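This note goes through the structure shown here point by point. Please read each point beside the sequence and the model.

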Amino acid sequence: MENNKIRCHFSIIFEKAGSFLVFWFILAWNWIDDIIELFTSPDFNQKAFQHLLPICVGLILLLVFILGYQFLVWRKTFIYLEGDTFVVERSTLNRKKNSLSISSIANINLEQNLFERLIGTSRFKLDTDSFSTADSTDVSIVLSTPKATALKESLLSLMNNTTHKVDTSASSAQTTPEHSYVSTKDVLSHCFFSLPSATIFFFLILVIGLPLAVHFGYLSLGNPASGNNSEFYKSIFAIAIFVITYVYSFLKRLLSFYHFCCCRQGNELMIQYGFFRKQEFTIPLERINAVQLLQPPLARLTGRMQAQLICVGIGDDDTEKPQLTLSMKKDLFFAHLQEILPEFSTESIKNVHNLPNNTGIAYFFSCLSFFLLFQAFFWITLSVLDIKSSGTQFLWICYGVSNVFIILYQLLHYHTMGTVLEEKRLTIHNGVFQKQIYIIPYRKIQFFTFHQNPLCGFLQIARGEIHLLAPLTNSTISLPYINSKDMNLLKVKLLD
């Protein structure tokens with residue numbers, strides 16, 4: 001492979017020119033009636049045809065030019081391995097050579113949509129451990145599936161020959177991978193118990209708020225028995241759209257995790273999933289910057305947990321899921337996580353609430369200031385809009401529910417926060433309705449910042465952020481209250 005240069009699959013030519021073809025197809029489809037009417041009109045004559053002919057010829061020549069240019073790019077673009085570097089070279093009008101060090105590869109992804117499966121190709125994606133490209137894919141090329149697999153194996157072989165400082169405290173992990181695919185029942189269970197807080201919140205609004213709004217006359221569903229059913233059908237249509245949207249979102253998640261499989265081979269993790277778009281990741285353990293454990297509201301109530309990876313390259317695309325495990329019961333979850341990733345210990349997770357003694361005082365005044373701001377906003381809005389207390393029962397119910405929600409939110413947030421400093425890693429507990437636990441090795445922290453207001457300074461506590469090498473959505477992790485002793489210890493651990 002090192003001496004052989006390969007090209008992308010020729011289908012990339014039509015893929016690159018696809019946007020132009022789709023644009024003109026949609027344009028022609030929208031004007032199809034006018035085009036037919038023009039050519040079948042009695043007024044259409046040879047003179048009119050002579051005016052249209054140059055336009056048609058111009059469009060055809062433009063298409064030929066685009067296809068020709070893409071053919072030239074395809075013909076002059078080569079992919080090859082040169083020593084310890086992965087090279088993508090293009091020798092068109094502007095010569096370009098992109099060389100990536102194999103030792104810096106963060107993950108390799110083989111992706112296939114339905115069309116690529118039919119023609120036997122795979123999209124080969126490669127990401128490096130670089131902060132500047134953390135939110136984008138470094139290399140994305142289309143190869144025939146055998147060539148993509150061979151290139152992947154060659155890279156993995158070279159990566160294994162490169163020395164990595166990996167925590168080898170768990171030698172039992174050096175085993176041959178067992179591809180055990182998750183059943184459809186488990187995927188369905190994961191999709192249900194991992195419903196986000198916003199989805200549950202809007203569902204409760206629909207179930208509880210809608211009847212209240214109808215009862216107090218703020219919303220009319222109409223009377224289907226009367227002659228005028230327009231209001232009734234409009235309301236039913238709006239509710240149906242809402243339900244269909246969430247059903248579609250649920251089915252999309254279900255199909256995206258179809259045939260989910262995560263196994264370990266030596267110092268690499270293999271993750272596969274997807275129905276319409278099949279994903280196959282290979283991730284060196286050294287490139288895993290943190291592990292995020294999640295408990296969405298329903299999973300938290302039923303004692304379930306799931307895990308996601310935080311590393312460069314996974315999650316920088318909407319179709320990529322950084323999933324390490326699906327939602328499962330805690331005892332099974334901890335056993336499974338210990339089996340595939342023992343380097344990230346879960347012992348500290350049991351210390352759920354580990355905050356400095358003076359945290360309650362600082363947190364109380366922070367919540368009180370927010371609560372008073374809400375009260376001021378509500379009453380000022382009420383006076384500006386000149387809303388009288390009579391006939392506004394629904395408004396007062398919303399006001400009472402909002403106050404209860406704010407208090408519940410602050411209490412859940414306080415009892416979820418926590419920080420545990422271990423010998424080799426930092427564990428952070430965060431979240432409100434959805435609980436989030438981050439397990440972060442100290443050597444993976446890029447930098448951190450601390451914030452102190454006057455009260456926190458007097459109490460010798462602080463909050464902050466931990467910054468990791470990861471896509472933008474996971475690059476900054478909120479650090480709960482810690483005392484001055486832990487702040488100094490964290491600084492020492494970061495410098496070790």
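1. A nonpolar core is taken here as a set of buried Ala, Val, Leu, Ile, Met, Phe, Trp, Tyr and Cys residues joined through side-chain atoms within 4.5 Å. Buried means under 20% relative accessible area, exposed over 50%, and partly exposed in between (1.4 Å probe, protein chains only). In the largest nonpolar core, which has 31 residues, the members touching the most others are I288, V291, L293, L309, L324 and L341. Elements that each supply at least two residues of this core are α7 (184-193), β8, β9 (278-284), β10 (290-295), β11 (304-310), β12 (323-329), α11 (330-340) and β15. A second, separate core has 26 residues, among them I79, L81, I108 and F124. As background, nonpolar side chains in soluble globular proteins tend to be buried together.

2. On the basis of the model: it is predicted, so local features need pLDDT of at least 70 and side-chain atom pairs count only at pLDDT 80 or more, while totals for chains, interfaces and linings use all residues. Residues are numbered from 1 along each chain as its sequence is written, and side-chain values use heavy atoms, with hydrogens and water left out.

3. The protein has 15 helices and 18 strands; these are DSSP runs numbered from the N terminus, helices being H or I with at least four residues and strands E with at least two. Of its 496 residues, 40% count as buried. Contact means heavy atoms within 4.5 Å. Among contacts with a separation of 6 or more, 60% are accounted for by residues 24 or more positions apart. Which residues does I288 contact, leaving aside its neighbours within four places in sequence? They are L269, I283, L309, I310, C311, L341, F344 and K444.

4. Strands β7 and β8 pair in the antiparallel sense over five bridges, where pairing requires that DSSP finds at least two bridges between two strands. R264 has L269 in β8 as its bridge partner. The two strands form a hairpin with two residues between them, and G266 in the turn has a positive phi of about 65 degrees. Four of the five residues of β7 are buried.

5. Aromatic rings of Phe, Tyr and Trp (its six-membered ring) pair if their centres lie within 6.5 Å; planes under 30 degrees apart count as stacked, over 60 as edge-to-face and the rest as tilted. By this rule there are 23 aromatic pairs. The ring centres of F257 and Y273 are 6.0 Å apart and the planes stand at 50 degrees, so this pair is tilted. F257 lies in the loop between α9 (230-256) and β7 (261-265) and Y273 in strand β8 (residues 268-273), so the pair ties together parts that are 16 residues apart in sequence. F257 and Y273 are both buried.

6. For Y409 and F433 the ring centres are 6.2 Å apart and the planes are at 65 degrees, so the pair is edge-to-face. This pair links distant parts of the chain, with Y409 in helix α13 (residues 393-416) and F433 in the loop between β14 (425-431) and β15 (435-441), 24 residues apart. Y409 is partly exposed, at a relative accessible area of 32%, and F433 is also partly exposed, at 24%. Elsewhere, F374, F378, W379, W396 and Y399 form one aromatic cluster.

7. An open sheet of three strands has the order β16-β17-β18, with antiparallel pairing. Its edge strands, β16 (445-451) and β18 (476-483), each pair on one side only. β16 pairs with strand β17 (residues 461-468) over six bridges, and F448 has I466 in β17 as its bridge partner. Helix α15 (residues 484-495) lies across β16, β17 and β18, at about 130 degrees to β18; axes are lines fitted to C-alpha atoms, for helices over the stretch in contact, and angles run from 0 to 180 degrees between N-to-C directions.

8. Another open sheet of three strands has the order β1-β2-β3, again with antiparallel pairing. Its edge strands are β1 (77-82) and β3 (95-101), each pairing on one side only. Strand β2 (residues 85-91) and β3 pair over seven bridges, and E89 stands opposite K97 in β3. Helix α6 (residues 145-161) lies across β1 and β2, running at about 30 degrees to β1.
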